[in-house]
Number of protein chains: 6
Amino acid sequence: MKKIALFPGSFDPITLGHVSVLKRAIPLFDKIIVAIGINSSKQQMFSLEQRTNWIRSVFAGEPVVEVQTYNGLTVDFCKKVEARYILRGLRTAADFEFERGIGQVNRMLYPDLDTVFLLTEPKFTPVSSSIVRDVYRNGGDISSMVPQVVVDALSE
Amino acid sequence: MKKIALFPGSFDPITLGHVSVLKRAIPLFDKIIVAIGINSSKQQMFSLEQRTNWIRSVFAGEPVVEVQTYNGLTVDFCKKVEARYILRGLRTAADFEFERGIGQVNRMLYPDLDTVFLLTEPKFTPVSSSIVRDVYRNGGDISSMVPQVVVDALSE
Amino acid sequence: MKKIALFPGSFDPITLGHVSVLKRAIPLFDKIIVAIGINSSKQQMFSLEQRTNWIRSVFAGEPVVEVQTYNGLTVDFCKKVEARYILRGLRTAADFEFERGIGQVNRMLYPDLDTVFLLTEPKFTPVSSSIVRDVYRNGGDISSMVPQVVVDALSE
Amino acid sequence: MKKIALFPGSFDPITLGHVSVLKRAIPLFDKIIVAIGINSSKQQMFSLEQRTNWIRSVFAGEPVVEVQTYNGLTVDFCKKVEARYILRGLRTAADFEFERGIGQVNRMLYPDLDTVFLLTEPKFTPVSSSIVRDVYRNGGDISSMVPQVVVDALSE
Amino acid sequence: MKKIALFPGSFDPITLGHVSVLKRAIPLFDKIIVAIGINSSKQQMFSLEQRTNWIRSVFAGEPVVEVQTYNGLTVDFCKKVEARYILRGLRTAADFEFERGIGQVNRMLYPDLDTVFLLTEPKFTPVSSSIVRDVYRNGGDISSMVPQVVVDALSE
Amino acid sequence: MKKIALFPGSFDPITLGHVSVLKRAIPLFDKIIVAIGINSSKQQMFSLEQRTNWIRSVFAGEPVVEVQTYNGLTVDFCKKVEARYILRGLRTAADFEFERGIGQVNRMLYPDLDTVFLLTEPKFTPVSSSIVRDVYRNGGDISSMVPQVVVDALSE
C-alpha cells in the first residue's frame, strides 16, 4: 500500500517554514498532497490560483509532492485520496496544543489516520502566513520568509 | 446557606465533555445553574431554545441541575442567583491560562466568588463546541462528541 | 454519604498559598484531610511533628480540617479514609500539566475519585514550599509566605 | 546615542498594568514613546483622542514618556523615531509565546532592534484592555484596573 | 537508502504509550531501533536484560523493530546505525518544549538527522515510565499502563 | 544613581546564549555584574576559577561587564552591590514560567528590584549549560554552543 500524506493548510502564502517541513518529509512518504483548504467564510489575501502555482513552482522537480484543493472535512479528503497520514510542522507549545486537539479529533473521526509532526527550523519559528501577510501589507521585506517565486511575484 | 454554582457558557451545543464535568460536580453543590450567556454580538449556530432544551433533556432526572439564560457580566448574574461558585472544566494548559485570567478578574469584581475546576476526561479533551459545529457543518459524525438527544435532533 | 476530600502534600512547610486554598474549600466538603505524605527517599527540612503541628495550629478552630500522615499511593489512602475527592491548588500552566497527569492516573487507579482544583490567589502564585525553604535557608524573610505560627517557630 | 524605547499598543484603554510597566521602565531609557498603532481594520472602543489624552494625563509630570500615533509596521516607526528598543510587559506563558514570535520577526526585519520585557505585577496579571472593555460594556466596576483619569472620564 | 529510525529511551519499563507510538510508526520506516540508553549515573528500577526482553517480547512478530543498547550521545549512535530519524511520542506541551530543545540540539550536532513525532493516544497521555515505577513500588495496579508481558513478569 | 544589573547563574560553562544576552544588554546599564552563585549542594563540572576566567576573557574589552561570585540569596547580593535590576534571557515558555516565579519572589523580598528580560536568539534557543555539559561529557562538538575561549580550553 502506498504511503500517502496530506499537508493541509491555507498557504496564503506558502512560507519557507512550510517548504522546510515538506522537503524533510519527502523521504518518508510515497506521495505528499499539499491540500489547500477552500474555506468560503474566510477571506484570503492571495487567489487560489496564485497559491497553487507558487507551491507547484517550488516543488516542480519533486514528483512526490502534488497540490490539490479541497472542501469540507480534512478527514473526508484523506479518505478520498487514500491518505493515511497528515503531516504538520510544529513551531511552539501553543501550536502543539492546537495541533494535538485537531489530531485527536481527526482520529475520533477516522481511526486509521495518524498525524506526523516535524519541527520547524529555529530560524523559521516565528514565521507564519499571517505574519507574512501583515509584513507584506505594510510594505515590509518578506524575502527571508517566503520562497523566491513568491518574492518575485509580489515585487513585480 | 445553600451552595450554588454557576456553569456558564454558550453550549452551542452542549458536549459530552460538559456533561461529564456537570455529572461529577453534582455531589458538590446544592444547585448547579447551567447559565447560557446571551451574547448578541456573537452569532450562534443553534437557537437558544434548542440549546436550552438539550441541556434540560440531558439532566431531566437531576433536580440539582437547572438551566437559565443571562445577559451581562457573569459575576452580576452570580450575585442575582446567589451563586458563590463558578464551575469550569479544564482540558489543556491553554484553557488553564485563559480560565485563570477570567477567574481572577471575577474575584476582583466579586471577592466572595470562587472558581472550582474539574478535569475533562482524557477521551473528551479535544472536544469543544466549536469543533462539534465544524464537524457537523461539514457533514461529519458527531455522535461520539455530544449527548444522544443532540445527535437525534440533528439527524432528523 | 459524607463528602471527604484529601489535600495531599509534603507541607515542608505549609504556605499561605496552601492556607488560602484550604480555607476557600472548607464550605465544599464535610471533611478535608490534610494528608502529609511520608516519602522516605526524600529528605525534608522540617520534622513530621513540626509540619503536622503547624497545620493543626492554623486550622485549630476549624472542625472540618484534620491532619493525617500516610505512606504509599495517594489513591489507597483515599480509599482507606473514604475520600472521593482530592483537593489541589493551581498556580501556573506548568502546575496544571503536572496535576492533570497525576489526576488522570489517579482516576485510572480509582475511577470514583475526582480532583477538585481551586486557583491560588495571584499574590501567592510564586510561593511554594521549596521557595520558602530556599529563602529560609539563606536567612531571608519568609513572613509574607507562611502562616504566623511558622514565622514564630522559626524565629525563635 | 540616546536610548529610545517604543511601547506599542492600542491602549484601548490604558490599564494599570501598562502604567506599572512604563513607570518601572523609565529609569532604563532616555525616552519612551508610547506608540498607539492605528489599525483601520480593527474597531476601537475609545477614540484616538481619548486614548492619547489619558496616557498624556497619567504621565504628565514625566518628561521621559511621550505619546505618538503610527501607521504601518512597528519596525518602520522605530527606525523613524530612532528607537532601538521595544518595551513590553509579560503576563502569562501564552503572552510570552506570542511576544517571542513578534520580537523575533521584528529582529528579522530590523536586526538592531531589541525587545526588553518587564513582568507585570501579579495583581495586574489578569487585567488587559479587552477585559476592561468587556467589564465596562457590561456596567462593571473598572476602578481597580485603569488609572483614575480613565475612571473619571468614563463615570461622567 | 533504507529509512532507519531510532526510538531512544530508558524504557524502565516500556509502557503501552511507547507500544502505541511504535506500532503506528512501523509503516513509516524500514527499520526502527528501540535504543536503550545506558546512563551509568542514573539508577534504573529494572535490569537492562529485563527491559530488553520485554520490548523484544512485545515486538516478537515484527521484523521492522529491533532492540539495541547504547552509550554516549544519541546522535553518535544514530550515525553508527545509519539512522536518519529519531522517533518520539508527544504527550503534553511540557513534553513538546523539552523534545524541541533536544531535537534542535541533535540537528546542531548532526544536520542530516530529523525527529519525527507522533501523538500519544489520549488514554495513555498521563502514563510514563516514572509513573509506572511509582505505582508499582507502592503496590498499585499497573495492568492498564504496561504490556501484558511486563504485568506477568512483575506479578510472579 | 548608577544603573547596575546583576546577571546571576552558575555559568557551568558560559554559553553563546549568555554572551548574546549580555552583549545586547550592555547599552542599557552602567554596570552589569555577572554573578556566579556558589551553591555548595550542587556539584559543578568546571571549577569556579575556570568559569570566572572564561567570562572575564570573553568580556575583556568591555568595562561595563564585571564578574563576581556570591553566596546566599540573590536579592541580598543585589543590595550589597547596589543592583536594582536582574538581567535574564528567555528561551521558552517553560523558562518564562520559572523566571516569573523567581522574579516575583525577588520583588516580595526586595520591592525596589526589577527583572529585565531579553529574548535569546532563535539559533541559541536549545542551548543551555546543562546541554553543553552533556554533549562535552560524551565527546560531542560544543564549538557552536560556547565561546571560543571555552572551546580552546576544553580541547587542550
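Modeller: Let us start with area: chain C and chain E bury about 920 Å² between them, 71% of it on carbon and sulfur atoms, where buried area is the accessible area (1.4 Å probe) that two parts lose on being put together, summed over both. In chain C, the residues that lose the most area to chain E are C:Leu73, C:Glu97 and C:Met108, together 50% of what that side buries. This is a predicted model, in which local features need pLDDT of at least 70 and side-chain atom pairs count only at pLDDT 80 or more, while totals for chains, interfaces and linings use all residues. Residues are numbered from 1 along each chain as its sequence is written, chains are lettered from A and ligands numbered from 1 in the order in which they are written, and side-chain values use heavy atoms, with hydrogens and water left out.

Biologist: How many residues of chain C are in contact with chain E, and which helix gives the largest share of that side?

Modeller: Contact means heavy atoms within 4.5 Å, and by that rule 11 residues of chain C are in contact with 14 residues of chain E. Helix H4 (residues 93-109) of chain C supplies the largest share of the side that touches chain E, 8 residues, helices being DSSP runs (H or I, at least four residues) numbered from the N terminus.

Biologist: Is D:Ser20 buried or exposed?

Modeller: Buried means under 20% relative accessible area and exposed over 50%, with partly exposed in between (1.4 Å probe, protein chains only); D:Ser20, at 9% relative accessibility, counts as buried. D:Ser20 lies in helix H1 (residues 16-25) of chain D and, leaving aside its neighbours within four places in sequence, is in contact with D:Glu121 and D:Phe124.

Key
Helices (H or I, at least four residues) and strands (E, at least two) are DSSP runs, numbered from the N terminus.
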